[in-house]
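Please walk me through this structure, taking the helices and their packing in turn.

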Amino acid sequence: MIKEKQEEQKWAIGTLAVFLILLFFAGISDFVEISIAICSFLLSWLVVSYSIRNFGKGGTSKEDLQKEMQVFSIILILVLALITIVGVNQYSDYVFVTFGFTVTWIIRSSAIKYFS
């Protein structure tokens with residue numbers, strides 16, 4: 001249990017670090033804007049982690065849960081990198097994309113657990 005949490009925390013911290021790099025690369029440097037973006041990321045991570053564990057029918061193994069969190073973080077980084085490359089430079093856009101991606105992932109995870 002503790003090892004599982006540590007592994008998830010490593011992925012969360014790594015993903016957050018990449019998220020911060022993308023924010024700085026986009027030119028967002030105001031402390032308040034970065035704080036809002038970080039809070040949205042952390043809230044997103046907590047909601048997705050909770051929903052993966054508790055929504056839908058049946059259970060999944062610990063390895064499957066960990067794998068799904070890893071896939072979530074990798075795809076989130078890719079989406080955020082894509083919007084950075086496109087030229088997004090407003091923290092609010094990062095917040096909306098993060099929350100939108102979170103809602104999409106929750107629906108996806110629930111559907112997979114329900115229909116499988």
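Thr 102 touches Ser 44, Val 47 and Val 48, leaving aside residues up to four places away in sequence; contact means heavy atoms within 4.5 Å. This is a predicted model, in which local features need pLDDT of at least 70 and side-chain atom pairs count only at pLDDT 80 or more, while totals for chains, interfaces and linings use all residues. Residues are numbered from 1 along each chain as its sequence is written, and side-chain values use heavy atoms, with hydrogens and water left out.

Thr 102 lies in helix H4; helices are DSSP runs of H or I with at least four residues, numbered from the N terminus. Thr 102 has a relative accessible area of 4% and is therefore buried, the term for under 20% with a 1.4 Å probe and protein chains only. Other buried residues of H4 include Phe 101, Trp 105 and Ile 106. H4 covers residues 91–115 and reaches 36 Å from its first C-alpha to its last, close to the expected 36 Å, which is 1.5 Å times one less than its number of residues.

Helix H3 (residues 62–86) packs against H4 at an angle of about 145°, with the axes 11 Å apart; axes are lines fitted to C-alpha atoms over the stretch in contact, and angles run from 0 to 180 degrees between N-to-C directions. Among the residues that meet are Phe 72 and Ile 75 in H3, and Phe 101 and Trp 105 in H4.

H3 also crosses helix H2 (residues 31–54) at roughly 145°, their axes coming within 10 Å. This contact includes Trp 45 and Val 48 of H2 and Phe 72 of H3.

Note on methods: Helix = DSSP H or I, 4+ residues; strand = E, 2+ residues; numbered from the N terminus. Buried < 20%, exposed > 50% of the residue type's maximum accessible area, 1.4 Å probe, protein only.
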